[in-house]
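This report describes the strand pairing and the salt bridges of the structure shown below. It is written for a reader who meets the structure here.

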Amino acid sequence: MSICPVCGNNDERFFSKKGGKIYCRKCISFNGRQANKIPINSNIKLKLDYPLSDKQENISNLVMQNFILKKDVLINAVTGAGKTELVYKAMEKALNEGKTVGFATPRKDVVIDLKPRISSAFPNASVISVYGNHSYKLEADIIVLTTHQLFRYKNYFDLLIIDEIDAFPFANNEMLHQFVEKSLTCTGVKVLLSATPSEKDICEIKNRGGTILELNKRYHGAFLPVPEFVYYGLSKYFTCLKVILKILNSNKPLFVFVPTINEGQKLYQLAKHFIKDISLVYSYKKDRDITIEKFKKGQLKCLITTTILERGVTVKDLQVIVIDADNMTFTPESLIQISGRVGRKFNARTGKVIFLGKSYNENIKKSIKTIKDTNHRALLSGVCWKNISDFI
């Protein structure tokens with residue numbers, strides 16, 4: 001039986017022969033320059049402009065200890081808990097030992113958002129981002145990249161952090177999981193991050209002798225915002241527009257999530273007649289990076305978006321509306337992640353999350369119940385800054 005050296009595929013149906021050579025159709029598009037190891041700056045210091053909470057500090061130390069012991073880690077932490085900061089000490093330890101460090105995530109938008117944050121935390125390290133059409137430089141002290149780009153890093157990383165392991169397209173994608181395994185050195189350690197890990201993720205870590213660490217509180221101590229469900233009533237778009245305008249009257253930035261590009265385009269064509277500072281983004285929109293940056297800078301007040309922005313984006317005072325929240329595009333995990341965009345800043349800990357739909361379906365029920373249960377566990381684990389009755 002043939003096994004593809006790139007993606008680990010062993011299904012004979014995906015193998016073909018050309019010019020006497022066997023190739024794998026499953027990963028044929030993953031070709032290009034491979035990274036070469038370079039000497040790592042071993043005098044890198046972590047610099048945080050803010051303190052970690054006691055719980056964050058404890059988990060941060062445990063991640064570093066597991067790295068020393070060469071044990072994989074799964075960090076199951078609520079959205080807005082400060083998951084990225086939990087791995088910084090382990091990254092510093094690895095770098096100071098001259099070891100290679102990667103920080104991978106499924107989505108390009110999150111790579112773009114993460115790179116300046118990591119650069120700020122490690123000011124004397126070289127930090128690069130690698131994603132589609134942005135792979136001209138492959139080597140640095142710290143490499144922030146999409147999981148697709150891991151094919152360039154065979155036997156490369158001593159420490160690899162994979163953020164948002166439950167996100168599309170990484171979740172349940174065996175080829176991308178193989179890229180992860182093949183990118184690690186023989187003693188490489190991986191740290192998995194997620195607010196909504198699957199039972200499969202949890203079982204795999206346990207079966208491999210890894211460690212699971214949990215954090216049920218956001219770094220600032222406030223609870224997760226509990227979504228409010230609103231029925232459409234007689235007119236879907238009239239209700240949507242009414243809710244959008246009401247939130248914008250509070251002079252706070254707003255994400256409006258839609259299940260499809262087509263739905264986003266229809267809503268945008270209507271809303272732009274009533275709202276001046278509004279735009280639309282989706283996966284293959286050419287100027288979406290520029291549009292998102294304008295929103296972050298406050299040049300846009302309302303952004304209609306598909307699920308491409310359900311993760312990794314932090315904007316102060318952000319409010320969220322989900323259109324057609326009962327659409328099957330929005331899984332319970334997706335709705336939880338979307339809700340987690342709100343209240344992420346220390347000086348802006350609360351906000352509105354509104355689900356609009358025709359039916360209060362099981363996905364909506366499960367997402368709201370999970371958020372309430374998480375808030376309850378956070379309350380039991382220590383006093384939060386505000387009474388839980390304000391959030392459930």
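Strands β11 (residues 254-257) and β13 (residues 302-305) run parallel and are joined by four bridges. Within this pairing, Val256 stands opposite Ile304 in β13. Helices (H or I, at least four residues) and strands (E, at least two) are DSSP runs, numbered from the N terminus, and two strands pair if DSSP finds at least two bridges between them. The model is predicted: local features need pLDDT of at least 70, side-chain atom pairs count only at pLDDT 80 or more, and totals for chains, interfaces and linings use all residues. Residues are numbered from 1 along each chain as its sequence is written, and side-chain values use heavy atoms, with hydrogens and water left out.

The two strands belong to an open sheet of six strands with parallel pairing, in the order β10-β15-β14-β11-β13-β12. Its edge strands, β10 (228-231) and β12 (278-281), each pair on one side only. Neighbouring strands are turned by 20 degrees against each other on average, direction ignored; axes are lines fitted to C-alpha atoms, for helices over the stretch in contact, and angles run from 0 to 180 degrees between N-to-C directions.

Another open sheet has seven strands, also paired in parallel, in the order β5-β6-β4-β7-β8-β3-β9. Here β5 (127-130) and β9 (211-215) stand at the edges with a single partner strand each, so one side of each is left without a neighbour in the sheet. The pairing of β5 with β6 (residues 142-146) comprises four bridges, and Val127 has Ile142 in β6 as its bridge partner. Helix α1 (residues 54-68) lies across β3 (73-77), β7 (157-162), β8 (184-194) and β9, and runs at about 165 degrees to β9.

A salt bridge is a side-chain nitrogen of Lys or Arg within 4 Å of a carboxyl oxygen of Asp or Glu. The count by this rule is 23, and the table gives examples.

| Salt bridge | Closest N to O distance |
|---|---|
| Arg33 and Glu139 | 3.8 Å |
| Asp324 and Lys236 | 2.9 Å |

Buried means under 20% relative accessible area, exposed over 50%, and partly exposed in between (1.4 Å probe, protein chains only). Asp324 is buried at 10%, and Glu139 is buried at 14%, whereas Arg33 is partly exposed at 40%. Glu310 and Arg311 are both buried, and they join Arg107, Glu164 and Asp166 in a network of salt bridges.

Definitions and conventions
Contact means heavy atoms within 4.5 Å.
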